[in-house]
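User: I would like to go through this model with you, one topic at a time. Please put it up first.

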Amino acid sequence: MEEKNARIAAAGTALHTMEGYHSQLRSRELAEAADDVYLALRDLRDTQYLFDSGEKELVRFYERYLPYYLDILRQYVSLQDSANFEAIQANEAQLIKTMHQMSSMIRYLTKTIPQDEIDEANAKAKAEELRARLEEQRNNMIK
């Protein structure tokens, strides 16, 4: 439970950091892609409140991918202020691609978390049903 709360807090901190960077983005296309990542992360955070599964994927996301994304975003905002037009153009296209990949990954995680618990509940129900049938068969054989 502590890990879950830590990840939810990390998502909140990342959302706050992203808001600061997003307000500094000058390209409309980049800002729209950044908003999509922001909304996807917000949805993931909200989903984590309701479900406890997805531990392995979430740990990897929060320890590796999210910090890396925030670092790329920070570097781009710094580059934007450098007035190096060619570098800005080259990195903008790459950043948009990265943002789309992040959105896709986060949305996949958001779908996976509840599905893991649904699959686990179905497996438990089937196991219980099988146990009940075996118990009934055993009782019928004893009679």
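User: Is Glu29 buried, partly exposed or exposed, and what is its relative accessibility?

Analyst: Glu29 counts as partly exposed, because its relative accessibility is 49%; buried means under 20% relative accessible area, exposed over 50% and partly exposed in between, with a 1.4 Å probe and protein chains only. This is a predicted model, in which local features need pLDDT of at least 70, side-chain atom pairs count only at pLDDT 80 or more, and totals for chains, interfaces and linings use all residues. Residues are numbered from 1 along each chain as its sequence is written, and side-chain values use heavy atoms, with hydrogens and water left out.

User: Which helix is Glu29 found in?

Analyst: Glu29 belongs to helix α2; helices (H or I, at least four residues) are DSSP runs, numbered from the N terminus.

User: How do α1 and α2 pack?

Analyst: Their axes are 10 Å apart, at an angle of about 160°. Axes are lines fitted to C-alpha atoms, for helices over the stretch in contact, and angles run from 0 to 180 degrees between N-to-C directions. α1 is therefore roughly antiparallel to α2, a term for angles over 145 degrees.

User: What classes of residue make that contact?

Analyst: The contact of α1 with α2 has ten nonpolar, three polar and six charged residues. Here Ala, Val, Leu, Ile, Met, Phe, Trp, Tyr, Cys and Pro count as nonpolar, Asp, Glu, Lys and Arg as charged, and the others, Gly among them, as polar.

User: And α2 against α3, at what angle do they cross?

Analyst: The axes of α2 and α3 cross at roughly 155° and come within 14 Å. α2 is thus roughly antiparallel to α3. By class, the contact of α2 with α3 has eleven nonpolar, one polar and no charged residues.

User: Changing topic, which residues touch the most other members of the largest nonpolar core?

Analyst: Leu41, Leu44, Phe61 and Met99 do, in a core of 33 residues. A nonpolar core is a set of buried Ala, Val, Leu, Ile, Met, Phe, Trp, Tyr and Cys residues joined through side-chain atoms within 4.5 Å. The elements giving two or more residues to this core are α1 (2-22), α2 (28-50), α3 (55-80) and α4 (85-142).

User: Which of them gives the most?

Analyst: α3 does, with ten residues.

User: What is Leu44 in contact with, beyond its neighbours within four places in sequence?

Analyst: Leu44 is in contact (heavy atoms within 4.5 Å) with Leu58, Phe61, Tyr62, Ile106, Leu109, Thr110 and Ile113.

Terms used
Angles under 35 degrees count as roughly parallel, over 145 as roughly antiparallel, 65 to 115 as roughly perpendicular and the rest as oblique.
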